[in-house]
Amino acid sequence: MNIRRLAAALLLLNSVFFLSAEEENPLNKTLNTDGLLPVLADSIEEGSYEIETASSSSMFRIEKAVLYVKDNAMTADLTLSGKGYSNVTMLSAEDSAALTSLEGTGPVIDGNGKYVFKVPVQSLNTELLCSAFSKKKQKWYERRVVFYSEKIPAENLFVTPYVMGKCSLKDGSYKINVSLSGGSGRASVKSPADLRVKDGMPLAQIEWSSPNYDYMILNGEKLLPLANKQNSVFELPVLVFDKPMSVFADTTAMSTPHEILYQLEFSLETAQRKEFNISTLIIPAISLLAAAVLLLFLVRLCLKKRK
């Protein structure tokens, strides 16, 4: 008898737990998008990409997500862990309940018997509202989901989806290894590059192998070359270390100017601080003193001849 009562109590507790989990308000949960910029369809090369996702509710678990980019629009196929939902929309529960037709919101069953829902995606790295219709409860439940851009190769992104943040390097001047990829492979940049950190913010000087680059673009910001340099040299913020950073560089070497997509990658472990060297001040000082002595000698010589 005691065993039966215990089993009944456990069953009741289990039911209460799952009911509370289903009734939870996931809108109050914040998903992690710190340090990430929203990425729209026009910033991604057309194609399909398996991406990472996050959900605000354990009752809405996405096992796999495949992103499709075409004609400046994005959709995603979401493979859910269970079969408890008959429809999924990227709307509020209220707007979903008001739909006159649920066409296109139901699942496709894949070869493993999993439910796969196709949904529109407005932006990556952004909390998006969605709703799922519970077959058991006959009710729409609101969720929040994030589609992350991190697994999309940098060469397929026209932006770098990172916010410039403070780095672990102390303020000062450094040398850092930088690698270049993309384009035709004929261009190169000087490595190690000069890096300066001010208030924790890193800025790198990129020196190209030619003087034919008249501007660069990083996340929509146009950067002009530094003056009085033999080759094209630009100072640009380092948005991320040890990961490719997408930039456009406009070259005038062709018959018409062309913006070319490149990736720069800065290796944080190679950053070497430029130590203060007193010899860099002593040598110019000695040279200046010698010139002053020589000038004084010549002036005295000229005055003596006049006498």
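Analyst: Lys83 is partly exposed, with a relative accessibility of 48%; buried means under 20% relative accessible area, exposed over 50%, and partly exposed in between (1.4 Å probe, protein chains only). This is a predicted model, where local features need pLDDT of at least 70, side-chain atom pairs count only at pLDDT 80 or more, and totals for chains, interfaces and linings use all residues. Residues are numbered from 1 along each chain as its sequence is written, and side-chain values use heavy atoms, with hydrogens and water left out.

User: Which residues is Lys83 in contact with, leaving aside neighbours within four places in sequence?

Analyst: Contact means heavy atoms within 4.5 Å. On that basis Lys83 touches Gly113, Tyr115 and Lys135.

User: Is Ser149 buried or exposed?

Analyst: Ser149 is buried, at a relative accessible area of 2%. Beyond four places in sequence, Ser149 touches Val39, Leu124, Asn125, Leu157 and Pro161.

User: How much space lies in the second largest pocket?

Analyst: A pocket is an open set of points on a 1 Å grid over the protein atoms alone, where a 1.4 Å probe fits, with protein on both sides within 12 Å along at least five of seven lines; lining residues have an atom within 4 Å of a point. Grid points are joined across faces, edges and corners, and a volume is the space filled by probe spheres set on the points. Here the second largest pocket holds about 210 Å³. Its lining has 13 residues, and those closest to the centre are Ser184, Ala187, Tyr213, Thr251 and Tyr262.
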